[in-house]
Amino acid sequence: MIESPRLQMIDGRYIPQLGLGVYQSEPGAETEGAVLEALRLGYRHIDTAQFYGNEADVGSALRKSGLGRDAVFVTTKIANFNQGRDAALRSLERSLKEAAFDAYDLVLIHFPVTGKRGDTWRALVDAQKRGLAKSIGVSNYTVRHLEELLGESAVVPAINQVELSPFLGQAELRAFCAKHRILVQAYSPLTQGVKLGHKDIVSAAAKAGRTPAQVMLRWAVQHGLIVLPKSVTPARIAENGAIFDFALDADTMRTLDGLDVGFRASWDPTDVP
């Protein structure tokens with residue numbers, strides 16, 4: 001049984017360090033099956049979003065699992081087309097109905113949409129006060145976007161979810177978040193498979209007696225990151241979860257730290273004004 005450590009957020013609540021991502025998991029049986037298998041293996045953190053179209057399947061799987069609602073940490077995100085104060089609140093209410101939840105454990109702004117992100121953040125602050133979101137945060141925010149938010153609001157995001165891997169280390173962003181007690185979640189921590197065959201990853205895996213995917217996830221965990229690997233394959237879901245019973249040595253960590261070339265497998269918010 002997988003047992004993930006939990007990290008404390010700035011609001012005092014705890015989040016499991018390992019989560020199952022369901023981006024690009026087909027709505028319906030595929031998402032529901034993946035979530036059920038993850039929960040059976042011991043995952044207690046599921047990351048979905050309005051944009052993914054599978055919030056209902058996450059809720060259905062949780063109920064079918066036999067686990068209580070409080071046993072599983074579930075995140076959703078406000079889609080770009082739902083941003084703005086009133087629109088964001090209405091969309092969150094729809095998301096809660098989709099999943100048949102009273103509240104989400106974490107609600108994020110999915111992307112720093114120009115001209116709307118400030119109002120969307122104020123909507124999330126309101127949603128937290130109303131009990132619709134237990135914790136709130138952001139996704140795809142750069143240092144500049146975080147500085148803007150912190151300059152406008154006294155409420156600090158609990159989480160910043162960004163693409164992060166040994167090939168996209170985001171050291172400056174991680175340091176800024178650490179300074180402000182914002183936990184960092186890594187999406188696409190396996191580079192969507194593109195870099196699993198890199199010679200240094202393969203070598204590190206052989207040295208550790210683990211798979212390349214486990215090495216990349218372990219690198220992130222040892223840097224204090226929350227990891228959200230996505231898979232719908234039971235064997236891969238199990239493999240991705242088996243990362244808490246070994247450690248990478250200092251030399252391996254330095255080697256993997258040196259792989260940062262700014263590689264992105266997903267969208268890039270760097271130049272969003």
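Reader: How do the lining residues of the largest pocket divide into nonpolar, polar and charged?

Author: There are 13 nonpolar, 13 polar and four charged residues in that lining. Nonpolar covers Ala, Val, Leu, Ile, Met, Phe, Trp, Tyr, Cys and Pro, charged covers Asp, Glu, Lys and Arg, and the others, Gly among them, count as polar. Please note that this is a predicted model: local features need pLDDT of at least 70 and side-chain atom pairs count only at pLDDT 80 or more, while totals for chains, interfaces and linings use all residues. Residues are numbered from 1 along each chain as its sequence is written, and side-chain values use heavy atoms, with hydrogens and water left out.

Reader: Which residues lie nearest the centre of the largest pocket?

Author: S188, Q192, L228, P229 and K230 lie nearest the centre, out of 30 lining residues. A pocket is an open set of points on a 1 Å grid over the protein atoms alone, with protein on both sides within 12 Å along at least five of seven lines, and lining residues have an atom within 4 Å of a point.

Reader: Which element gives the largest share of that lining?

Author: Helix 9 does, with three residues. Helix 8 (212–222) and helix 9 (234–241) each supply at least two. Helices (H or I, at least four residues) and strands (E, at least two) are DSSP runs, numbered from the N terminus.

Reader: And how much space lies in the largest pocket?

Author: The largest pocket holds about 610 Å³, and the second largest pocket about 200 Å³. The second largest pocket is lined by 15 residues, and T142, V143, Q170, L173 and R264 are the closest to its centre. Helix 5 (143–152), strand 8 (159–163) and helix 6 (171–179) each give two or more residues to this lining. By class, the lining of the second largest pocket has seven nonpolar, four polar and four charged residues.

Reader: Changing topic, how many cavities of 30 Å³ or more are there?

Author: The count comes to one; a cavity is a set of grid points where a 1.4 Å probe fits but cannot get out. The largest cavity has a volume of about 70 Å³, a volume being the space filled by probe spheres set on the points, which are joined across faces, edges and corners.

Reader: Which residues line the largest cavity?

Author: The lining is made by R117, G118, W121, R122, Y141, E148, L149, E152 and S153. Helix 4 gives the largest share, four residues. By class, three residues of this lining are nonpolar, two polar and four charged.

Reader: How many salt bridges does the structure hold?

Author: It holds 16, each a side-chain nitrogen of Lys or Arg within 4 Å of a carboxyl oxygen of Asp or Glu. One of them joins K64 and E32, with the closest N and O atoms 2.7 Å apart.

Reader: Which parts does the pair of K64 and E32 tie together?

Author: K64 lies in helix 2 and E32 in helix 1 (residues 29–41), so the pair ties together parts that are 32 residues apart in sequence.

Reader: Where is F51 found?

Author: F51 is found in the loop between strand 4 (45–47) and helix 2 (55–65).
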